[in-house]
Amino acid sequence: MNIPTAISSLRALTEVLARQIYWRLPPLQKLYKRMRTTAPSAMSYLDLDHLAATLSEAGIHEGSCLMVHSSTDGIGLRTGGRVIDNQLQVAAELLKFLKTILGPTGTLVMPTHPHYRDDPGFMFNKTGLRLTYDPLRTPSKVGLLTEIFRRSSGAIRSRHPLSSVAAAGPLAQEIVGGFPNAGDLPHGEHSPYKRFCDAGGLIVGINVSLINALTIVHVAEELRDADWHVDDFFYERSFEIAEVG
């Protein structure tokens, strides 16, 4: 094994070890979240005119294909002379704003990873667990905006029971439909995340850290699964998926 390959393998093993330690120790997770989150003395307000200008500068406009990672925790909105601080209204107004920016020719995509009551945790062995995923009813665990979006008119949700996405717009069916087949990786060759990349989609994070807006990185990892330095990194799981329509 040459030196660059050895270093790459060591990095991969270190990452896997760090993930195992973190996800298996709930007190460590709570400590990390407390360290990252300081209670603000007042709510932070997001000006939608400023956000619109920022998105425009980033190349996001009518007709774009856009994936949004978001959190409405601790933020309010300023728009049209109004101040909004109710979290449900903030999420609804943000969704309306994003759809307006993209227009009828744009496609909006959001992660909607399912929340399962009986799931013991991310890194725990679940080979013997069989969960039921209903794309229409299983709630999203990645934020209020995503839950409102997946329920909104015109939105369709992918059928992968681990890393689902919802999409609305002209490319929605192309991105979401016909997936998964048995054994398909959640971000792999046939996934909505790969199709989103193929469509030239852009990603924006609203009130989230960069690390929480990087789901798309898993596409590169899973496309090269055979080259991954950790053998048997993925294991098979069983789900029952409810039929839609």
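Is Cys197 buried, exposed or partly exposed? At 36% relative accessibility, Cys197 is partly exposed, where buried means under 20% relative accessible area, exposed over 50%, and partly exposed in between, with a 1.4 Å probe and protein chains only. The model is predicted, so local features need pLDDT of at least 70 and side-chain atom pairs count only at pLDDT 80 or more, while totals for chains, interfaces and linings use all residues. Residues are numbered from 1 along each chain as its sequence is written, and side-chain values use heavy atoms, with hydrogens and water left out.

The other cysteine to look at here is Cys65, which is buried with a relative accessible area of 7%. A disulfide is a pair of cysteine sulfur atoms within 2.5 Å, and by this rule there are zero disulfides. Cys65 is in none, its nearest cysteine sulfur being that of Cys197, 9.7 Å away. Seen from Cys197, the closest cysteine sulfur is in Cys65, and the 9.7 Å between them is too far for a bond.

The nonpolar interior comes next. In soluble globular proteins, nonpolar side chains tend to be buried together. A nonpolar core is a set of buried Ala, Val, Leu, Ile, Met, Phe, Trp, Tyr and Cys residues joined through side-chain atoms within 4.5 Å. The largest such core has 27 residues, and Val68, Leu98 and Leu108 touch the most other members. At least two residues of this core come from each of helix H3 (48–57), strand S2 (65–70), strand S3 (75–79), helix H4 (87–102), strand S5 (107–111), H5, strand S8 (165–168) and strand S9 (202–206). H4 supplies the largest share, eight residues. These elements are DSSP runs numbered from the N terminus: helices are H or I runs of at least four residues, and strands are E runs of at least two. Apart from this core lies another of twelve residues, including Cys65, Met67, Ala167 and Val176.

Which residues does Val68 touch, not counting residues up to four places away in sequence? They are Leu98, Leu108, Val109, Met110, Pro111, Leu145, Val204 and Ile206, where contact means heavy atoms within 4.5 Å.

Leu145, one of the residues touched by Val68, is also one of the buried residues of H5, together with Thr146, Glu147, Ile148, Phe149 and Arg150. Because six of the eight residues of H5 are buried, this helix is largely enclosed by the rest of the structure. Its buried residues pack against S2, H4, S5, strand S7 (156–157) and S8.

Side chains of opposite charge can pair when their charged atoms come close. A salt bridge is a side-chain nitrogen of Lys or Arg within 4 Å of a carboxyl oxygen of Asp or Glu, and the count by this rule is six. One of them joins Arg150 to Glu147, with the closest N and O atoms 2.9 Å apart. These two residues are three apart in helix H5 (residues 144–151), and are therefore separated by about one helical turn. Arg150 is buried at a relative accessible area of 8%, and Glu147 is buried at 12%.

Glu147 also forms a salt bridge with Arg151, at 2.8 Å between the closest N and O atoms. Here the residues are four apart in helix H5, again about one helical turn. Arg151 counts as exposed, at 62% relative accessibility. Through shared partners, the salt bridges join Glu147, Arg150 and Arg151 into one network. Elsewhere, Asp134 forms a salt bridge with Arg137, the closest N and O atoms being 3.2 Å apart. Asp134 is buried at 14% relative accessibility, whereas Arg137 is exposed with a relative accessible area of 63%.

Strands of a sheet pair through backbone hydrogen bonds, either parallel or antiparallel. Two strands pair if DSSP finds at least two bridges between them. Three strands form an open sheet with mixed pairing, in the order S1-S3-S4. Strand S1 (44–47) and strand S4 (82–84) are the edge strands, each pairing on one side only. S3 and S4 run antiparallel and are joined by three bridges, and Thr79 has Arg82 in S4 as its bridge partner. H3 lies across S1 and S3, at about 55 degrees to S1. H4 lies across S1, S3 and S4, at about 50 degrees to S3. For these angles, axes are lines fitted to C-alpha atoms, for helices over the stretch in contact, and angles run from 0 to 180 degrees between N-to-C directions.
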